[in-house]
Amino acid sequence: MGVAALAIDRNTSDEELQDLASEFEMREPQQVLRWALEEFGNDVALATGFGAEGCVLVHMLSQIDRYARIFYLDTDVLFPETYALREQLEVRYGVRFERRATVLSLEDQSKQFGEQLWERQPDLCCKLRKVEPLLETLGDLSAWITAIRRDQTPARATAGIVERDQKFGLIKINPLAGWSSFDVWRYIAKHDVPYNPLHNSGYSSIGCKPCTTAVRIGEDPRAGRWRGAQKTECGLHK
Ligand code: SF4
């Protein structure tokens with residue numbers, strides 16, 4: 001494969017990480033995934049929200065090792081189509097998705113913070129239902145794999161293929177950082193990868209049902225997320 005055999009640990013310098021990230025710019029995402037599994041074994045996991053990019057990585061991982069760890073954050077308010085896609089991917093590729101979620105039920109959340117918290121305080125809602133379960137999950141890992149692409153948001157524009165996640169204190173691997181949306185859909189078509197049917201109805205980026213709307217032609221692909229609010233990220237990626 002020819003990927004540099006640099007052992008990554010807490011003592012790896014930022015310079016060494018940057019060298020590795022530069023080398024990975026020349027590699028296919030599958031090579032990066034292979035390296036991640038060899039380097040971290042069970043201490044690395046893919047996080048997916050079942051977006052198109054996530055489906056690509058699930059397919060790639062299943063071809064390398066279908067027992068590789070994959071988790072998702074279940075906020076209890078995902079679209080029915082998203083839950084159906086989860087089942088479809090498990091059956092098709094023999095992978096298993098680890099469910100991570102807050103113990104705070106929607107009912108208890110309403111009692112404590114009021115009904116439909118996402119409408120009044122989406123940052124708090126994301127913190128409770130996404131960020132805290134993620135924090136707990138990442139606490140047991142040395143590295144995580146994400147499906148982010150640089151051209152999705154300004155906050156993602158500088159993402160390295162591999163980098164130190166300053167926010168959560170572990171290694172972050174973004175095999176698709178350099179891919180375009182075209183690359184993603186070309187891969188899906190070529191390999192007949194299942195994807196969320198909502199994408200065919202104008203939902204270019206799909207999160208929780210209460211906070212996601214379809215986008216109109218010409219709008220930013222993520223304009224349907226938290227429409228009308230300044231918010232553009234859940235707090236998972238900085
Ligand atoms: Fe809550 Fe919306 Fe964030 Fe989902 S995306 S956790 S519903 S604020």
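Me: At what angle do α3 and helix α4 pack, and how far apart are their axes?
Reply: The angle is about 20°, and the axes are 11 Å apart. α4 covers residues 80-93, and α3 covers residues 52-64. Helices here are DSSP runs of H or I with at least four residues, strands are runs of E with at least two, and both are numbered from the N terminus. Axes are lines fitted to C-alpha atoms, for helices over the stretch in contact, and angles run from 0 to 180 degrees between N-to-C directions. This is a predicted model: local features need pLDDT of at least 70, side-chain atom pairs count only at pLDDT 80 or more, and totals for chains, interfaces and linings use all residues. Residues are numbered from 1 along each chain as its sequence is written, and side-chain values use heavy atoms, with hydrogens and water left out.

Me: Why are α3 and α4 called roughly parallel?
Reply: Angles under 35 degrees count as roughly parallel, over 145 as roughly antiparallel, 65 to 115 as roughly perpendicular and the rest as oblique. The pair packs at about 20°. Therefore α3 and α4 are roughly parallel to each other.

Me: What makes up the contact of α3 with α4?
Reply: C55, V58, H59 and S62 in α3 meet L85, L89 and Y93 in α4. Contact means heavy atoms within 4.5 Å. Five of these residues are nonpolar, two polar and none charged. Ala, Val, Leu, Ile, Met, Phe, Trp, Tyr, Cys and Pro count as nonpolar, Asp, Glu, Lys and Arg as charged, and the others, Gly among them, as polar.

Me: Why does H59 count as buried?
Reply: Buried means under 20% relative accessible area, exposed over 50%, and partly exposed in between, with a 1.4 Å probe and protein chains only. H59 has 7% relative accessibility, so H59 counts as buried. Beyond its neighbours within four places in sequence, H59 is in contact with Y93, Y187, H191 and V193. V193 is 134 residues from H59 in sequence, yet 7.1 Å away C-alpha to C-alpha.

Me: Why is Q109 called buried?
Reply: Its relative accessibility is 3%, so Q109 counts as buried by that cut-off. Q109 is found in helix α5, residues 106-113. Setting aside neighbours within four places in sequence, its contacts are L104, G114, L117, W118, C125, L128 and R129.

Me: What makes α5 oblique to α7?
Reply: The axes of α5 and helix α7 (residues 122-138) come within 13 Å and cross at roughly 140°. That makes α5 oblique to α7. L106, Q109 and F113 in α5 meet L124, C125, L128 and R129 in α7. This contact has five nonpolar residues, one polar and one charged.

Me: How do you know which strands are the edges of the sheet?
Reply: Six strands form an open sheet in the order β3-β2-β1-β4-β6-β5, with mixed pairing. The edge strands β3 (97-100) and β5 (162-165) each pair on one side only. Two strands pair if DSSP finds at least two bridges between them.

Me: What makes β1 and β4 a pair, and in which sense do they pair?
Reply: Three bridges join β1 (residues 44-47) and β4 (residues 143-145), in the parallel sense. L46 has I145 in β4 as its bridge partner.

Me: How many bridges join β5 to β6, and which way do the strands run?
Reply: Four bridges join them, and they run antiparallel. D165 stands opposite L170 in β6. Their hairpin has four residues between the strands, and G169 takes a positive phi near 75° there.
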